[in-house]
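Please keep the viewer open as you go.

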Amino acid sequence: MEKIELKTVIPENLKKKRLDFALSELFPEHSRSRIQSWIKEGSVMVNSKNYRQRDLVDAGDVVEINTEQKTFGKDKAESIPLDIIHEDNEIIIVNKPAGLVVHPGAGNQDHTLVNALLNFDMNQDRLPRAGIIHRLDKDTTGLMIIARTIESHTYLVDQLQRRLIKRSYKTIVCGKLLTGGKIENKIGRHPKNRTKMAVIENGKLAITHYRIIKKYKHYTYLDITLDTGRTHQIRVQMSNMKYPIVGDQIYGKNLSLKKDIDATLRDFVQNFNRQALHAYNLELIHPKTKKAVSYDAELPDDIKNLITMLNIND
């Protein structure tokens, strides 16, 4: 295992602060929860003594951290093809295909993006969920950012929480929207069906911005950006507005077809069996260079074909 050896002296501005707080200020590349785990396991010494995380430090205290980089090795590597848009020593940008689950869970213990990343680089097992910073639904395609170091993981998670990573999507929804706009409501578990999400009063704040790319007779092609990243956020909010995403088998299955739709288009939409949602752009500050970077992924063929059919039948 890779050793982590850190040493610092508590400055004047952090005297009388909790040990875990002081260290999270002095070592921002490591999360506070990670620092707390080091303290609990006895890997942090203050003036050659063990402190608890809530103990107060004083100016001039010498702090030494000696630990090892842990692995998250319960998942196995699997040879699953990856569409790598970009990679360097700090991050990987992946274009996820439809049908690929992001990480193992109930009913999906393998054949996931985590398994693919462990096969791509065995060192990803040193990071939570193989470095995955955010998720996409199984049948949503597009860009995901993966950290390659603990420092980058901490930095990117913080960026995401502070809404500094811009995630943009393209989608086709049922119905003809008049204008673009902003959706701001609260999303949580559906009160009756716990596998679904819903707009509910005691949910978490969800903010989405949408812009019309093109209007069709019965559908609208949208560009969407997220301020927050709740589970199924775009799908739930568009369905709640009565403009569900084409092909959404959970939030819009019975609302995709209009009575006077062309027969050819009807057949095509009826057989479009996943949500027509694609994460096409990511913008962020690179964790190492601290420069703004942007990555793009073109639409997958099934959504391209859907747009072609809409144009033909418009």
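This is a predicted model: local features need pLDDT of at least 70, side-chain atom pairs count only at pLDDT 80 or more; totals for chains, interfaces and linings use all residues.

Residues are numbered from 1 along each chain as its sequence is written, and side-chain values use heavy atoms, with hydrogens and water left out.

**The α6 and α7 pair**

- Helix α6 (residues 263-270) packs against helix α7 (residues 301-312) at an angle of about 160 degrees, and their axes are 10 Å apart.
- Helices here are DSSP runs of H or I with at least four residues, and strands are E runs of at least two; axes are lines fitted to C-alpha atoms over the stretch in contact, with angles from 0 to 180 degrees between N-to-C directions.
- The two helices α6 and α7 are therefore roughly antiparallel (angles over 145 degrees).
- The contact (heavy atoms within 4.5 Å) involves Thr 264, Leu 265, Phe 268 and Val 269 from α6, together with Asp 302, Asn 305, Leu 306, Met 309 and Leu 310 from α7.

**Loop residues with positive phi**

- Most residues other than glycine have a negative phi.
- Ser 48, although not a glycine, has a positive phi of about 70 degrees.
- You will find Ser 48 in the loop between β2 (44-46) and β3 (49-50).
- Arg 129 is not a glycine either, and has a positive phi of about 50 degrees; Arg 129 sits in the loop between α3 (113-120) and β7 (141-147).

Definitions and conventions: Angles under 35 degrees count as roughly parallel, over 145 as roughly antiparallel, 65 to 115 as roughly perpendicular and the rest as oblique.
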